[in-house]
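This briefing is intended for reading alongside the sequence and the model.

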Amino acid sequence: MTEVLVAGATGMLGGAIVDSLLERDVRVRALVRPSSKREVVDALADKGVVIAEGSLTDGPERLARLLEGADVAISALQGGEDVVVDGQTTLLRAAEKAGVPRLIPSDFAVDLFRLDDGDNVFLDHRRRAHEAFDGTHVQVTSVLNGAFTEVMTAPFLEIVDWDNDTFAYWGDGDQPCDFTTVADTAAYTAEVALDPAVAGRPVRVAGDVLTMKEFHEALQRGSGRRLELRVRGDVSELEAEIRRRRAVATGPADFVALQYVWAMVTGKAKLEPLDNDRYPAVRPTGVAEFARRFAR
Ligand SMILES: NC(=O)c1ccc[n+]([C@@H]2O[C@H](COP(=O)([O-])OP(=O)(O)OC[C@H]3O[C@@H](n4cnc5c(N)ncnc54)[C@H](OP(=O)(O)O)[C@@H]3O)[C@@H](O)[C@H]2O)c1
């Protein structure tokens, strides 16, 4: 029986990955920290997940003991440089020591390997983690899913305003963008964990590929609501807005959402080619189907 260790199992995506692994009869071990919410950890244990308590700051030697025997380590960690670069590097070193052959790092984004430093502060961290992975005998497989459909339809990206029934986009509206729900990303990740043939190379999947104009139509079709269409500006105006916000930012959260939008509407971080066909067991939810939840 395959055994998978999940770091970040108490989080949104990590929890969904755990569920997808359990559905596939995989034995799951969750790496949780002493400060993780007890009720969330107990809920994982109730599902049959083995709890391995430790901290990424313990160092690779101590962490390695918690990883021993796992076939794959999946990271769904979220945080700043300390977690994404330092924490994941410690996890990788622990995997090396424990003889874990494969690691799926916490990438789960647009194609961060096509971006340059400075394009997106959070994805810069993820590429820096990969630099630290260079030369390892652990085979690293990123799962790249574009944007979570949940995030694309939430206030964070400032595209859809469900309170005022508006849809506002940057760019010409004609660039295809990749959308995948959290549950579908988790299902693909579980499939990738069980697919050693992709070890060592990124896997690109998308639940739907739509331009901003098509995204608008799909949301209207699915929700049955009319969303007034607004154009916020072209790509150079988006770049100026990112620079303006960055100049007065108290932290990356003040401008990173627009950096994700930029990566999508310029096509620079488009996922190509897609590996969806490799995993026919996953029948992803399209945007229109997803948008039914917004019906009045
Ligand atoms: N493509 C997209 O649109 C999109 C959108 C959102 C997220 N994502 C990606 O999905 C991945 C997971 O994000 P998420 O939103 O699911 O994260 P989340 O819900 O915030 O969960 C974060 C997880 O990381 C753990 N963690 C945080 N700091 C830690 C530390 N110092 N030591 C050990 N564990 C730590 C948390 O554990 P505790 O419970 O102990 O705090 C939790 O399990 C990330 O790579 C993120 O960038 C992608």
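Leaving aside its neighbours within four places in sequence, with which residues is Asp-208 in contact? In this predicted model, Asp-208 contacts Cys-177, Asp-178, Phe-179, Gly-286 and Val-287, when neighbours within four places in sequence are set aside.

- Asp-208 belongs to strand 13, which covers residues 208–210.

**Domains and annotation**
- The protein is divided into two domains, each built from separate segments: domain 1 comprises 3–144 + 181–204, and domain 2 comprises 147–179 + 208–270 + 278–294.
- Between the C-alpha centres of domain 1 and domain 2 the distance is 26 Å.
- Domain 1 supplies 27 residues to the contact between them, and domain 2 supplies 24 residues.
- According to an unreviewed UniProt entry, the feature "domain: NmrA-like" is placed at residues 3–228.

**Packing of helix 4 and helix 5**
- Helix 4 (residues 81–98) and helix 5 (residues 121–133) have axes that come within 9 Å and cross at roughly 25°.
- Angles under 35 degrees count as roughly parallel, and helix 4 and helix 5 are therefore roughly parallel to each other.
- The crossing of helix 4 with helix 5 is right-handed.
- On the side of helix 4, the contact is made by Glu-81, Val-84, Val-85, Gln-88, Thr-89, Leu-92 and Arg-93.
- Helix 5 contributes His-125, Arg-126, Arg-128, Ala-129, Ala-132 and Phe-133.
- Sorted by class, the residues in this contact between helix 4 and helix 5 are 6 nonpolar, 3 polar and 4 charged.

**Backbone features in loops**
- The peptide bond leading from Glu-272 to Pro-273 is cis, and its omega is near -15°.
- Pro-273 lies in the loop that connects helix 10 (256–265) and helix 11 (287–290).
- Asp-25 is not a glycine, but it has a positive phi of about 60°.
- The position of Asp-25 is in the loop between helix 1 (12–23) and strand 2 (27–32).

Notes
Residues numbered from 1 in each chain as written. Predicted model: local features only at pLDDT ≥ 70, side-chain atom pairs only at ≥ 80, totals over all residues. Heavy atoms only, no water. UniProt positions renumbered as here; feature names shortened; annotations may be inferred. Axes fitted to C-alpha atoms, helices over the stretch in contact; angles between N-to-C directions. Helix = DSSP H or I, 4+ residues; strand = E, 2+ residues; numbered from the N terminus. Parallel < 35°, antiparallel > 145°, perpendicular 65-115°, else oblique. Left-handed = near helix turned anticlockwise from the far one by under 90°. Contact = heavy atoms within 4.5 Å. Nonpolar A, V, L, I, M, F, W, Y, C, P; charged D, E, K, R; others polar. Domains from an automatic or database assignment.
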